[in-house]
Amino acid sequence: MRLTRIFTDVEQRLRMGLNTEETVDEEEVGLNDDLISSLYFTQDQQKRVDFILAYESPKPEDMEATSKSLKRFVFTENLLKEGLELEIEDSGGCALSFIKIHAPMELLKRYAEILKIRMPIRDGIRRIRKFSAEMLACQEKRQGAEGVDMLEFKLTQIGGSRESTMDSIRIPLFSDVADGVKSWLERLQEPFYPDPDIMNNSKNNEYTAIYSRDKEYLFDHDKVNFFSQSTRSRIIEFLLQRKRYSDNTADDFAFGISRLISERVFLAAYPLHDGTIKTPGSMRYLLYREWASIRKFWKYQPLDAVRDYFGVKIGLYFAWLGFYTFMLIPPSLVGLICFLYGLITMSTDTPSDDICPGGGMANTTMCPICDNFCEPWKLQDACHLSKAKYLFDNGTTVFFAVFMSLWAVFFLECWKRYSAEISHRWDVFGYDPEEEHPRPEYLVKLRNVKDKTVNFITQTSEPKPPFWKMKLPGILISWTSVYLLIFLAVAAVIAVILYRMSMVVALAAVHDSTIRGNWSLFISMTGAGINLVLILLFNWFYEQIAFWLTEKELRRTQTEFDDSLTLKIYLFQFVNYYFSIFYIAFIKGQYIGRPGAYIRFFGYRQEECSPGGCFMELCIQLGIIFFGKQFFMSILEYYMPLLWRLFNLIKLRHGTLSCLGGKDKQKEENTPQYVRDFKLVEWGHQGLFYEYLEMVIQYGFITIFVCAFPLAPLLAFLNNILEMRLDAKKLLILHRRPVAQKVRDIGIWFDILETLGRIAVITNAFIIAFTSEFIPKIVYRVHYSEDGSLKNYVNFTLSYFEQSDGDGNSTGLCRYQDYNLPPWDEFKYQRSLIFYHIMFAKLLFVVVFENVVAVTIMTVRLLIPDMSASLKYRIRREAYVTKEIIIRTERLKKEFKASSVPNIVSSTELSKPVSRGVSRQESLPHMASVTGSDLSPSSDALTVEFYKHKNSVDI
């Protein structure tokens with residue numbers, strides 16, 4: 001009871017609010033009064049709510065109520081000691097209470113320095129340009145030609161007050177044409193830009209520097225939203241994850257909001273949305289209207305606004321998704337052209353005409369497809385499958401395979417270049433993951449470790465995990481489990497193969513003409529459907545234990561943890577999704593033997609390719625898995641948050657749901673923002689993982705096996721247009737506002753994409769050579785055809801077999817697909833020279849294809865640098881200008897100290913006339929010695945402006 005009273009007293013004190021000198025001057029346009037009040041402290045409407053902690057009031061039957069109250073008390077006290085400002089709000093008589101958290105400026109400054117956050121330099125680009133021009137002019141006077149020729153001073157001209165060197169070079173006629181084309185392209189793109197209200201162009205040219213309280217003169221703290229809401233939430237979340245909730249010093253792992261939520265001390269912790277999707281003037285409303293709307297699918301994404309609202313990590317995902325979708329346009333068009341070519345020229349396909357009724361080979365008797373129940377069949381039964389196969393396996397197949405192999409490289413090289421621009425624009429260029437602090441879960445695992453190490457980057461002490469006792473066993477357990485699960489996924493594919501083998505025998509006993517005529521299509525579709533169900537089940541099961549396995553590896557930072565988890569899950573899903581497709585493309589029908597001498601698997605004859613060939617089965621398998629995955633994943637992705645939202649509310653005490661708004665429309669409209677957000681679903685650290693995973697799996701389908709399904713890029717393009725807007729809508733409507741996270745790039749996903757590009761070159765070469773009929777047709781045309789056409793090509797691909805030489809009682813000749821000698825030859829049923837001729841051509845094609853593509857890829861990579869020259873110059877210039885500002889100001893401070901100047905006068909006093917006939921330049925001789933002979937207020941405006949806010953503060 002005593003502990004409960006203590007926490008009650010704390011609650012009352014927090015409800016009264018805490019005094020602060022900081023105010024937030026924001027324009028809230030169009031927000032209603034209720035939402036405005038819910039976004040600020042109740043007792044002080046000048047304090048913006050940066051974070052919310054929600055908890056359920058103690059229940060009488062809860063035996064742990066006292067313990068939970070004590071933990072909340074200690075945790076909130078530690079937050080107060082750190083400098084955060086708190087206020088408690090209930091939800092109007094419900095069992096829920098909410099703690100509003102506000103971060104004052106002094107705390108934000110301190111942790112911005114600890115987290116090495118880059119902040120915009122004071123007064124922006126105008127001051128920097130003026131400084132660049134003055135520094136250059138000053139150095140020209142003092143250093144002469146040598147100073148002008150130095151690279152650093154040339155770089156200061158770029159973007160400065162003088163014309164850029166590159167811009168000043170004009171080539172007659174060519175430059176005019178280039179400018180005209182550029183202007184025409186810009187006008188062409190204007191309709192695709194988002195609404196000007198949401199485009200944040202003011203930050204394009206901001207100079208930034210890593211925040212330091214020792215160099216506060218670089219930054220304008222009085223600027224509205226100097227620390228954005230995403231930056232504030234990131235800093236507060238950093239504190240929440242590291243503050244203790246127990247006074248027991250022996251309990252080393254009693255810290256972190258994550259553990260408190262898992263113990264139900266708190267129910268949720270989240271930053272606030274800035275309004276509803278129907279609140280005009282809020283960024284959430286603007287993003288919903290201009291970004292998440294399906295009707296705006298044809299417009300560019302407002303990436304800067306997304307970054308400002310959700311943080312760099314989410315902004316970078318949508319930048320990558322938008323770039324990937326845009327780059328799918330060329331392969332979509334080329335794939336569609338290849339498909340249309342096959343559709344238009346289908347009637348001219350000589351082999352299909354020979355197979356279909358009325359053709360020269362239509363009545364050819366083919367050998368039985370199984371041992372006991374199957375009978376010989378006529379080749380004309382494969383007419384429809386042969387026609388359908390030509391849609392994808394025609395003369396454009398090789399061209400499309402080469403095109404997609406080069407496209408994959410071009411896409412990644414262009415993304416690296418585009419990513420460099422974005423990372424620089426968003427101030428994460430050169431961000432070192434080692435600057436990340438250890439994960440709380442990592443520290444908990446090492447709570448009993450006594451060995452310490454000093455982080456080289458952050459210079460902080462951290463526990464060092466014993467390699468032989470903890471690190472190595474965890475890695476071995478993790479990866480052996482991964483390989484075991486991969487083996488189980490392969491076993492599931494083998495089970496599907498056995499199903500297909502047994503179905504061949506089962507359908508052979510059916511006398512229905514429709515089933516017998518389409519048995520191959522039926523088996524392929526049902527087998528692919530069963531495989532899809534197994535894939536989805538295995539994915540769900542594996543994801544449940546992947547997190548536990550990754551925790552065993554003791555990954556220090558969240559980035560390392562995410563990369564390891566990504567690698568494991570993707571490796572498993574790669575096998576799970578693609579193994580059955582690899583089997584059809586490279587194994588099925590290749591090693592089955594021949595009639596009379598079949599190679600058996602568990603006593604069964606191995607699967608033979610359908611009458612239309614394995615290429616058609618590969619198309620069916622690809623289509624069903626590709627469509628099925630996209631369909632089911634889209635449903636789960638959008639509706640699972642709704643189910644989780646309902647589940648989370650059901651877990652609350654009876655009656656709480658009605659207090660949170662319920663079905664009363666009037667009550668719902670008056671619901672505070674923090675209550676509205678509580679009813680949404682938590683996004684979490686792994687929220688983007690499944691988004692990336694879905695797109696990378698799709699990328700594998702459209703690169704590794706694209707020559708077998710040229711419509712895949714078009715379907716992926718259409719899917720991604722909807723995916724982009726639905727993901728945005730899901731983030732804005734169904735989820736709480738995520739905590740902003742800082743990343744340098746898309747991480748290990750880029751390495752996976754690069755690996756897929758290399759695999760795609762190999763697989764496309766082998767699919768064309770060994771699965772399609774491209775090489776056999778070329779060899780036949782060149783060496784065996786009488787007139788260079790495909791006349792009698794079908795007969796060329798079939799061998800003879802005398803049925804009496806087999807195990808059955810049948811007699812007579814039948815045909816089978818292979819290149820063996822006939823039964824009347826002395827070396828009957830052995831490989832013919834034609835087989836070796838074609839095999840040599842296939843291997844030669846693979847070698848030539850891979851080498852040509854590899855050389856072209858290297859050329860493309862050399863022609864497209866990872867970073868543009870202008871960006872390199874811009875980065876060096878910004879670093880130089882920032883350094884010069886710091887050096888210049890520090891030198892001034894030193895000179896002021898040497899001259900015993902006690903303080904820096906305010907800008908008002910600087911404007912007053914100096915008495916006793918002494919000029920301002922004479923009164924500040926050391927400033928003149930630093931910057932040159934001319935030291936008027938205008939020439940030194942930048943440095944003087946840095947000191948305006950200090951107003952008689954001692955240096």
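Which cysteine forms a disulfide with Cys356? In this predicted model, where local features need pLDDT of at least 70, side-chain atom pairs count only at pLDDT 80 or more, and totals for chains, interfaces and linings use all residues, the partner is Cys383, with the two sulfur atoms 1.9 Å apart. Residues are numbered from 1 along each chain as its sequence is written, and side-chain values use heavy atoms, with hydrogens and water left out.

The protein chain contains 38 helices and 16 strands, taken as DSSP runs (helices H or I, at least four residues; strands E, at least two) and numbered from the N terminus. Of its 955 residues, 51% are buried, where buried means under 20% relative accessible area with a 1.4 Å probe, exposed over 50%, and partly exposed in between, protein chains only.

Two disulfides are present, a disulfide being a pair of cysteine sulfur atoms within 2.5 Å. The link of Cys356 and Cys383 is right-handed, with 85° about the S-S bond. This pair connects distant parts of the chain, 27 residues apart: Cys356 lies in the loop between helix H16 (350–355) and strand E7 (365–366), and Cys383 in helix H17 (residues 383–392). Both Cys356 and Cys383 are buried.

Cys367 and Cys814 form a disulfide with sulfur atoms 1.9 Å apart. Its S-S torsion is about 80°, so the disulfide of Cys367 and Cys814 is right-handed. Cys367, in the loop between E7 and strand E8 (377–378), is 447 residues apart from Cys814 in strand E16 (residues 813–817). Cys367 and Cys814 are both buried. Cys707 is in no disulfide, and the nearest cysteine sulfur, that of Cys619, is 8.9 Å away. Cys707 has 2% relative accessibility and therefore counts as buried.
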